[in-house]
Number of protein chains: 2
Amino acid sequence: MTTKQIVLSSRPNGKPVIENFQTNNFDLPEINDKEILLKAMFLSVDPYMRGRMNDAKSYVPPFELGKPINGGVIAKVVKSNSTNFKENDIVTGNLSWQQHCIAKETDLIKIDTSTPPASYYLGILGMPGLTAYFGLMHIGKPKAGETVVVSGAAGAVGIIVGQIAKLQGCRVVGIAGSDEKVKMLKEEFGFDEVINYKTSADIKKSIAEVCPKAVDIYFDNVGGEISDAVISNINFNARIVLCGQIALYNSTEIPMGPRLQPMLLTRSVLMQGFINNNYQSQFEEGLSHLTLWLKEGKLKYKETIVKGFDKLPAALLGLFEGVNIGKMIVEA
Amino acid sequence: MTTKQIVLSSRPNGKPVIENFQTNNFDLPEINDKEILLKAMFLSVDPYMRGRMNDAKSYVPPFELGKPINGGVIAKVVKSNSTNFKENDIVTGNLSWQQHCIAKETDLIKIDTSTPPASYYLGILGMPGLTAYFGLMHIGKPKAGETVVVSGAAGAVGIIVGQIAKLQGCRVVGIAGSDEKVKMLKEEFGFDEVINYKTSADIKKSIAEVCPKAVDIYFDNVGGEISDAVISNINFNARIVLCGQIALYNSTEIPMGPRLQPMLLTRSVLMQGFINNNYQSQFEEGLSHLTLWLKEGKLKYKETIVKGFDKLPAALLGLFEGVNIGKMIVEA
């Protein structure tokens, strides 16, 4: 059968552009033993994908030129030569950006879509949810009464971090990039305060005003000057959770900034970088908490769903403009 | 009786100068009940004192203008109105820079100078030794076979860190500022490699050459560009122990440098600032290890002892030029 795929046609220099991607039609062969033919339902676009567009060694290998992009996908089984999967099963896996694809049975996990919608497995019950959970709980280690600041607060991870911090009894301050996001985080998601960094005249001062007892945990999704402003308000014995640095991903030169070590030293601050996979052996613990909180209505969730397989590149680029609220997903 | 004291007469702007200090003669009153008259034997000069010369809130209060500097001192009891101390006892405490001083019994700890020399209690059996022990063992958590890099390697803390890391089975690379220090650290203190940062054409490359498996623990005593070079060679899951930032202490503007967060994030690196006092409840554990290793000959020790009470300011300033090898101490 003929299907479509989106490949990386050139590597970006700085901000990625639509021209870095190309959509191709191609023929899928017949499936072999233990293989499954899938039709994509939802495809995830995530900030970390920017790093994979560079030809640089990192914790995930770079995307290959001329080869399809790959990432988190929810798909439906069209045809199966595996006894573990049958037609119409809904599965998740790290799959190519293709309308149809062929996967091995070992690459797929069957998901239960009886209660949570299938797309949640790319967000709150997937990588972003687990990232929020482990970053906050295992690195941030929140204690009731502490002040938690989250940057990229309206993003896929930030929106969950803030709510989990509230469940731990913390005061939660978000940083986001529009008045709409500010209103939503406060009114719908229970954030105590939210700063619009685009309209604040002095972010450092804005943070100081809403964090009179300084910042005990900074969950950093963005990096750059916003982070400088938060860290200048950091408390003794604080924890800085390095989850994302989206403000810097498109830099073409090494970004410069104030040296943080003197402040981290004199205030006995911990800064820890992490990726989700570090906690792979504990995913079940994380998922059970997230599932329960979601079921109990203690966690709310938000997605920005873009319709149309062809919109994948534009959706990915949109992350760097902050167009999404909550998890950005493409519905094929 | 008349004695001498050294006071902070003005605050430095950038690098401290001799003129920031003044030596005064003054009259000591008679001692009251539970007070002890002491004669200073050894006085400690330490890099952290630079921070106290500024009028800035930190983890220790600033020195007051017109008041004597204070720090770690070993002293002999001249006269005692306390039943806990008698004439000729040797004590340690945080005391003023005075030839003679009056202390309360609660401010002093009696030390046993039967085996280790008294001055060791300002170094390997005092704050620098404990700093090395807790920073390396409790934050760095060395595992046999790992590569440990220590900056300021010939200083009071660095020289101990490197030896403890060797005792844990690590490969130890030091960074120091003279060929004399390099030779000593390799030949006398068992460092595997030592880089002279003053003669290396490219520190980053020098580190890469002697750390082919990258840097698992970076014990940072200096900060600045040397640290940039080490961190550019940092390994996945590495630990950066922030102990000192002597290269930046005399900065008059906020020092700028490459933003480290992207690398810390993608390599899951921990960076932790600390001060010795965080581990106060575990000092006994640390001291028992240091004492035993010293006794067994597994730890060697080095001091630079400057003679003459009046040399205190010059000795302190000398730290910022790296004139000391091992712990810098003034013998009164």
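These legends go with a set of close-up views of a predicted model.

**View 1. Chain A as a whole.** Chain A carries 9 helices and 16 strands, and its C-alpha trace spans about 65 × 45 × 35 Å along the principal axes. A compact globule of 332 residues would have a radius of gyration near 20 Å, and chain A agrees, with 20 Å. Of those 332 residues, 49% are buried. If you take the contacts in chain A between residues at least 6 apart in sequence, 64% of them join residues at least 24 apart.

**View 2. Helix H3(A), tucked into the chain.** The buried set is Gly158(A), Ile159(A), Ile160(A), Val161(A), Gly162(A), Gln163(A), Ile164(A) and Ala165(A). Around them you'll find helix H2 (127-140), strand S8, strand S9 (171-176), helix H4 (179-187) and strand S11 (215-220) of chain A, which the buried residues of H3(A) pack against. After the helix comes Gly169(A), with a positive phi near 85°.

**View 3. Helix H5(A) and its buried face.** Here the helix covers residues 203-210 of chain A, and its buried residues are Ile203(A), Ser206(A) and Ile207(A). Looking down the axis of H5(A), these buried residues fall within an arc of 95°, so they line one face of the helix. The spacing makes sense: an α-helix has 3.6 residues a turn, so residues three or four places apart point the same way. What do the buried residues of H5(A) pack against? Their partners are strand S8 (147-151), strand S10 (193-196) and helix H6 (224-231) of chain A.

**View 4. Strand S14(A) and its neighbour within the chain.** Strand S12 of chain A, residues 234-242, runs parallel to S14(A), and 4 bridges join the two. Within this pairing, look for Val241(A) opposite Gln272(A). Side chains in a regular strand alternate between the two faces of the sheet. Both faces of S14(A) are covered, with Leu270(A) and Gln272(A) buried on one side and Met271(A) and Gly273(A) buried on the other.

**View 5. S14 meets S14 across the two chains.** Strand S14 of chain A (residues 270-273) also pairs with S14(B), this time antiparallel, through 3 bridges. Met271(A) has Met271(B) as its bridge partner, while Leu270(A) stands opposite Gln272(B).

**View 6. The chain B side of the interface.** In this view, 27 residues of chain B are in contact with 27 residues of chain A. The elements giving two or more residues to the chain B side are strand S13 (256-258), helix H7 (261-266) and strand S14 (270-273) of chain B. H7(B) supplies the largest share, 5 residues. By class, this side has 15 nonpolar, 10 polar and 2 charged residues. As for how the copies meet, 100% of the interface residues of chain B are also interface residues in chain A, so both use the same surface.

Note on methods
Residues numbered from 1 in each chain as written. Chains lettered and ligands numbered in written order. Predicted model: local features only at pLDDT ≥ 70, side-chain atom pairs only at ≥ 80, totals over all residues. Buried ≥ 20, exposed ≤ 12 C-beta atoms within 10 Å, placed from the backbone. Arc of directions from axis to C-beta. Contact = placed C-beta atoms within 7 Å. Nonpolar A, V, L, I, M, F, W, Y, C, P; charged D, E, K, R; others polar. Pairing = 2+ DSSP bridges. Rg over C-alpha atoms; globule rule 2.2 N^0.38 Å.
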